[in-house]
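Here's a quick walk through one model, with an eye on what holds its parts together. Have the viewer open while you read.

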Amino acid sequence: QVQLVESGGGLAQPGGSLRLSCAASGSISGIYLMRWYRQAPGNQRELVAGISSGGIIRYGDSVKGRFTISRDSAKHTVYLQMNSLKIEDTAVYYCNAGGFQIESSGSYWGQGTQVTVSS
């Protein structure tokens, strides 16, 4: 089993920044991919960004150029730096791990952290 704990959500103004963290614990030695998803009310969950242990990275089209995903393997933590935030970035952000295709979710999910962008 793998446990994922997100932190760093909160309230930001349009144009502002937030940094999310996801700490992994448990049986993490075989985890190749980690991702961030988000889900806004009434919307489907969507892939925000994903990163492999070898440094392969993918971003959702709506966040390219604004968000940056990174991974600290020594700390078993993945980060999401969110800049130039927009109101439409408001959502619950979920950390996801596992699987072998970056565009498809793995088996493990965190509890989610709320990000609200509002003036």
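How many salt bridges does the count come to? Five, in what is a predicted model. Side chains of opposite charge can pair when their charged atoms come close.

| Salt bridge | N to O distance |
|---|---|
| Arg38 and Asp89 | 2.9 Å |
| Asp61 and Lys64 | 3.1 Å |
| Glu103 and Arg58 | 3.7 Å |

Take Arg38 and Asp89, whose side chains meet in a salt bridge. Arg38 sits in strand 4 (residues 33-39) and Asp89 in the loop between strand 8 and strand 9, so this pair ties together parts that are 51 residues apart in sequence. Is this pair buried or exposed? Arg38 has 5% relative accessibility and counts as buried, and Asp89, at 0%, is buried as well. There's a network here too: salt bridges that share partners link Arg38, Glu46, Arg66 and Asp89.

Next up, the side chains of Glu103 and Arg58 form a salt bridge. Glu103 belongs to the loop between strand 9 and strand 10 (108-109), while Arg58 is in strand 6 (residues 57-59), so the pair ties together parts that are 45 residues apart in sequence. Arg58 comes out as partly exposed, with 40% relative accessibility. As for the salt bridge of Asp61 with Lys64, Asp61 is exposed, at a relative accessible area of 67%.

On to the covalent link. Which cysteines does a disulfide join? Cys22 and Cys95, with an S to S distance of 2.1 Å, and the count comes to one disulfide. Cys22 lies in strand 3 and Cys95 in strand 9 (residues 91-97), so parts 73 residues apart in sequence get tied together. The torsion about the S-S bond is about -80°, so this disulfide is left-handed. Both Cys22 and Cys95 are buried.

Four strands make up an open sheet in the order 1-3-8-7, with antiparallel pairing. From one strand to the next, the twist averages 15°.

Strand 3 (residues 18-26) and strand 8 (residues 77-82) run antiparallel and are joined by six bridges.

How values were computed:
Residues are numbered from 1 along each chain as its sequence is written. This is a predicted model: local features need pLDDT of at least 70, side-chain atom pairs count only at pLDDT 80 or more; totals for chains, interfaces and linings use all residues. Side-chain values use heavy atoms; hydrogens and water are left out. Two strands pair if DSSP finds at least two bridges between them. Helices (H or I, at least four residues) and strands (E, at least two) are DSSP runs, numbered from the N terminus. Axes are lines fitted to C-alpha atoms, for helices over the stretch in contact, and angles run from 0 to 180 degrees between N-to-C directions. A disulfide is a pair of cysteine sulfur atoms within 2.5 Å. Buried means under 20% relative accessible area, exposed over 50%, partly exposed in between (1.4 Å probe, protein chains only). A salt bridge is a side-chain nitrogen of Lys or Arg within 4 Å of a carboxyl oxygen of Asp or Glu.
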